[in-house]
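Dear colleague,

Please find the structure below, handed over for your use. My notes on selected features follow it.

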Amino acid sequence: MQNIMIRKALIQDKTVLLQLEQAIIDAERPYNQTIKLKGASYYDLDNLLQDASSNLMVAESNGRIIGTGYAQIRVSKQALEHVKHSYLGFMYVVPEYRGLGINKQILDTLIKWSKTQDVSDFYLDVYNENDAAVNAYKKVGFVKTLVEMKLNINSD
């Protein structure tokens, strides 16, 4: 494997993080045609970078950020046994670095951090048709538990 370092994201990484966010949005647009063509944004990066209940990590190779992921401690639904959980998001590796286990390294780091926050349950969202992502998450132990459905009554 190449010389890859997993580290906490810094405020000065924000420009690159915004670019990677757009790469995710572009990659997910085929799965959801209602994503805005311009001005789409998924993440509150300022909050993810500064909030103590969030841990935004990056993978870096030769000074270049090549992957991202965050864990955010959230309050769980009242019906669940656990009071809080980690929500995982911004999971992305640039195409030329895929298949090297970088996503797993980031996930392992986020899971370790979450354990220090006394959290043992993890959730994430992934488009059902995104087979590559679904299979990658299944490979590390995630299982499907809920399907989000939508209806747009303005469509012809």
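Asparagine 62 counts as exposed because its relative accessibility is 71% (exposed means over 50% relative accessible area, buried under 20%, partly exposed in between, with a 1.4 Å probe and protein chains only). This residue is not a glycine, yet has a positive phi of about 50°. It is placed in the loop between β2 (54–61) and β3 (64–75); strands (E, at least two residues) and helices (H or I, at least four) are DSSP runs, numbered from the N terminus.

This is a predicted model, in which local features need pLDDT of at least 70 and side-chain atom pairs count only at pLDDT 80 or more, while totals for chains, interfaces and linings use all residues. Residues are numbered from 1 along each chain as its sequence is written, and side-chain values use heavy atoms, leaving out hydrogens and water.

Aspartate 118, also not a glycine, has a positive phi of about 65°. It lies in the loop between α3 (102–116) and β5 (122–124) and counts as exposed at 66% relative accessibility.

The open sheet has five strands in the order β1-β2-β3-β4-β5, with mixed pairing (two strands pair if DSSP finds at least two bridges between them). Its edge strands, β1 (4–8) and β5, each pair on one side only. β1 and β2 are antiparallel, paired over five bridges, and lysine 8 stands opposite methionine 57 in β2.
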